[in-house]
Amino acid sequence: MAKKSSLVLLLSLAASLAAAQSWTQPAIPSGPPPSRPRLPIAQAQKWGLQQKVNAPGTESNTAYNALVNSASFVTVGPPSLTNQRAHQVLISLRKMTELAFRYQMSGNVNQGNSAKSILLTACNYFIPDANTNAQAIFQNSTYPCALGLTFDMVYPLLSASEKATVVNHLEQWLTEIITA
């Protein structure tokens, strides 16, 4: 539970940094898209967040240090709705997101590659289809959300084919959510 609350604290910190600035209706961008990550950390806030998580003795630093340094995707048997909701799979998704966040804060490519490996494995693990009922789709919505956040944070490490794989997987999820 401490690990989960650490990530929640850090994502809340990122959100509060963004909210601290006065909000105005964003203009429709022209030209190339902004650099990644786009979520949950805007490039403008990244440096400030890095300073907070690296300041020894602060609550932000304590929470950051509680995040994992390495992980792998752990499954509980063949893919199914029951197994997808299994505790070990959800822990794997949380650790994947933590590693991606650590990569963004530290630039440690090993952590980014660990997150990338879990991301690509998870894309092949659980895919909703026409036989998946609507309630199950919504109950499992944390799955594509974790994949989307991680995709955004490890984007620079992904090859063109890996990007296409993740995008296609997320499009399958979106299609099933919309049609459920």
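Analyst: Let's start with a word we'll need a lot: a residue is buried when its relative accessible area is under 20%, and exposed when that area is over 50%. Keep in mind that we're looking at a predicted model. By that cut-off, the buried residues of helix α8 are Y143, P144, A146, L147, T150, F151, D152, M153 and V154.

User: Okay, and how much of the protein is buried?

Analyst: Buried residues account for 38% of the 180 residues.

User: What pattern does the protein follow along the sequence?

Analyst: Reading along, you get α-α-α-α-α-α-α-α-α. The count is 9 helices and 0 strands.

User: How do you know that α8 has the span expected of a helix?

Analyst: The expected span is 1.5 Å times one less than the number of residues. Helix α8 covers residues 142-154, which is 13 residues, and its 18 Å from first C-alpha to last is close to the expected 18 Å. Helix α6 (109-123) passes the check too, with 15 residues reaching 21 Å, close to the 21 Å expected. Then there's α9 (160-179), where 20 residues reach 28 Å and 28 Å is expected.

User: What makes the buried residues of α9 line one face?

Analyst: The buried ones are E162, V166, H169, W173 and E176. Looking down the axis of α9, these buried residues fall within an arc of 90°, so they line one face of the helix.

User: Why is the contact between K116 and E162 called a salt bridge?

Analyst: The test is a side-chain nitrogen of Lys or Arg within 4 Å of a carboxyl oxygen of Asp or Glu. For K116 and E162 the N to O distance is 3.2 Å, so the pair meets the 4 Å cut-off. K116 sits in α6 and E162 in α9, so the pair ties together parts that are 46 residues apart in sequence. K116 and E162 are both buried as well.

User: How many salt bridges are there?

Analyst: The count comes to 2 salt bridges. E98 forms one with R94, with the closest N and O atoms 2.8 Å apart. E98 and R94 are 4 residues apart in helix α5, which means about one helical turn separates them.

User: Is E98 buried or exposed?

Analyst: Buried: its relative accessible area is 0%, so E98 falls under the 20% cut-off.

User: How do you know that R102 has no salt bridge?

Analyst: R102 is in helix α5 (87-106). The nearest side chain of opposite charge to this buried residue is E98, at 6.4 Å. The side chain of R102 does reach the backbone oxygen of Y64 at 3.0 Å. Setting aside neighbours within four places in sequence, R102 is in contact with several residues, including Y64, N65, G107 and Q111. Q111 is itself one of the buried residues of α6.

User: What happens at the start of α6?

Analyst: A side-chain oxygen of N108 comes to within 2.9 Å of the backbone nitrogen of N110.

User: Why is F73 called buried, and what makes V74 partly exposed?

Analyst: Compare each with the cut-offs. F73 has a relative accessible area of 13%, so it lands under 20% and counts as buried. V74 is at 32%, so it lands between the 20% and 50% cut-offs and counts as partly exposed. F73 is found in the loop between α3 (59-65) and α4 (81-84), and V74 is in the loop between α3 and α4 too.

User: Which residues do F73 and V74 touch?

Analyst: Not counting residues up to four places away, F73 touches V89, S92, L93, I118, T121, A122, Y125 and Y143. With the neighbours within four places left aside, V74 is in contact with Q88, V89 and S92. V74 and L93 are 19 residues apart in sequence, and their C-alpha atoms are 9.2 Å apart.

How values were computed:
Residues are numbered from 1 along each chain as its sequence is written. This is a predicted model: local features need pLDDT of at least 70, side-chain atom pairs count only at pLDDT 80 or more; totals for chains, interfaces and linings use all residues. Side-chain values use heavy atoms; hydrogens and water are left out. Helices (H or I, at least four residues) and strands (E, at least two) are DSSP runs, numbered from the N terminus. Buried means under 20% relative accessible area, exposed over 50%, partly exposed in between (1.4 Å probe, protein chains only). The arc is that of the directions from the helix axis to the C-beta atoms. Lys and Arg count as positive and Asp and Glu as negative; His and the chain ends are not counted. A polar contact is a pair of N or O atoms within 3.5 Å; within protein, one must be able to donate a hydrogen and the other to accept it, and residues adjacent in sequence count only if both atoms are side-chain atoms. Contact means heavy atoms within 4.5 Å.
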